[in-house]
Amino acid sequence: MHKIWAILAAALSLVGSDALAAQNDCPMVAARYGLIGYPEFTASFQPTPSAPGWESDVALRVVVDDRFFWFMFDQSGISGDVSLVRTSDPSSPGWRPPSLSSPNASATEASYYRMDADLNIRSDAPRAGDEAPAYILAPDLTEVIADDPGAAKNSRVRMPKALFKLTYCQSQLARAGP
């Protein structure tokens, strides 16, 4: 947990002058993020079909080097913490969310925090109709992506620990026109 606060403290110097991250009118599913200092890592939210047992109706998509990593949001009943659980592409035909009740169900894979422009943490699972957070922190995502079961050992992605920052909003680009 100490590392999380160190990352947040380092990010404080980046917060003040960023007008886009301070906006509160971007819908969750229109928001696009870049990992601060590492633009080759991007993230976005995609709507998912409703699924019993899942608190959220969106999945997080992380992209690097044309490789896609998908995660569902799970919210612990006791602590209320939101976590990421690996899944496949929700837009794939026949997609089903991971089963939380099966003996082989994936354990929580990464902590997830969404923050406003002042770094206030929102502790509920994201929903498609929510306003986009200014920042996303998933400190354990580095290990989860490096341990991608579908990747050969020599092609594993090494993602630095950093904040994802809101870089643009697709709905605002569409309104601006050509």
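This tour moves through the model strand by strand, then through its cores, ring pairs and loops.

**Before you start.** This is a predicted model, in which local features need pLDDT of at least 70 and side-chain atom pairs count only at pLDDT 80 or more, while totals for chains, interfaces and linings use all residues. Residues are numbered from 1 along each chain as its sequence is written, and side-chain values use heavy atoms, with hydrogens and water left out.

**Stop 1: strand β6.** Select residues 110-115, which form β6. Helices (H or I, at least four residues) and strands (E, at least two) are DSSP runs, numbered from the N terminus. In β6, 5 of the 6 residues are buried. Buried means under 20% relative accessible area, exposed over 50%, and partly exposed in between, with a 1.4 Å probe and protein chains only.

Two strands pair if DSSP finds at least two bridges between them.

- Residues 82-87 are β5, antiparallel to β6 over 3 bridges. Pick valine 82: its bridge partner in β6 is tyrosine 112.
- Residues 135-137 are β8, also antiparallel to β6, with 3 bridges. Here leucine 137 stands opposite tyrosine 113.
- Residues 121-122 are β7, antiparallel to β6 over 2 bridges. Methionine 115 has isoleucine 121 as its bridge partner.

Stop 2: Most residues other than glycine have a negative phi, and most peptide bonds are trans. Go to leucine 119, in the loop between β6 and β7. That hairpin has 5 residues between its strands. The phi of leucine 119 is positive, about 65°. Is leucine 119 buried or exposed? Leucine 119 is buried, at a relative accessible area of 13%.

Next, select aspartate 66, in the loop between β3 (58-64) and β4 (67-75). Aspartate 66 is not a glycine, yet has a positive phi of about 60°. Aspartate 66 is exposed, with a relative accessible area of 72%.

**Stop 3: the cores.** A nonpolar core is a set of buried Ala, Val, Leu, Ile, Met, Phe, Trp, Tyr and Cys residues joined through side-chain atoms within 4.5 Å. The largest has 33 residues, and Leu141 and Phe164 have the most contacts inside it. Elements supplying at least two residues each include β1 (31-35), β2 (38-47), α3 (141-146) and β9 (164-169). The largest share, 4 residues, comes from β3. A second, separate core has 8 residues, among them Ala117, Ala134, Tyr135 and Leu137.

Centre on phenylalanine 164. Contact means heavy atoms within 4.5 Å. Leaving aside neighbours within four places in sequence, the contacts of phenylalanine 164 include Tyr33, Phe41, Val62, Ile136, Leu141 and Met159.

**Stop 4: aromatic pairs.** Rings of Phe, Tyr and Trp (its six-membered ring) pair if their centres lie within 6.5 Å; planes under 30 degrees apart count as stacked, over 60 as edge-to-face and the rest as tilted. The structure holds 3 such pairs. Tyrosine 33 and phenylalanine 45 are edge-to-face, 5.9 Å centre to centre with 85° between the planes. Tyrosine 33 is in β1 and phenylalanine 45 in β2, so this pair ties together parts 12 residues apart in sequence. Both tyrosine 33 and phenylalanine 45 are buried.

Phenylalanine 73 and tyrosine 112 have ring centres 4.7 Å apart and planes at 70°, so this pair is edge-to-face. Phenylalanine 73 sits in β4 and tyrosine 112 in β6, so parts 39 residues apart in sequence are tied together. Phenylalanine 73 and tyrosine 112 are buried. Ring pairs link Tyr33, Phe45, Phe73 and Tyr112 into a cluster.

**Last stop: serine 76.** Find serine 76 in the loop between β4 and β5. Serine 76 is partly exposed, at 32% relative accessibility.
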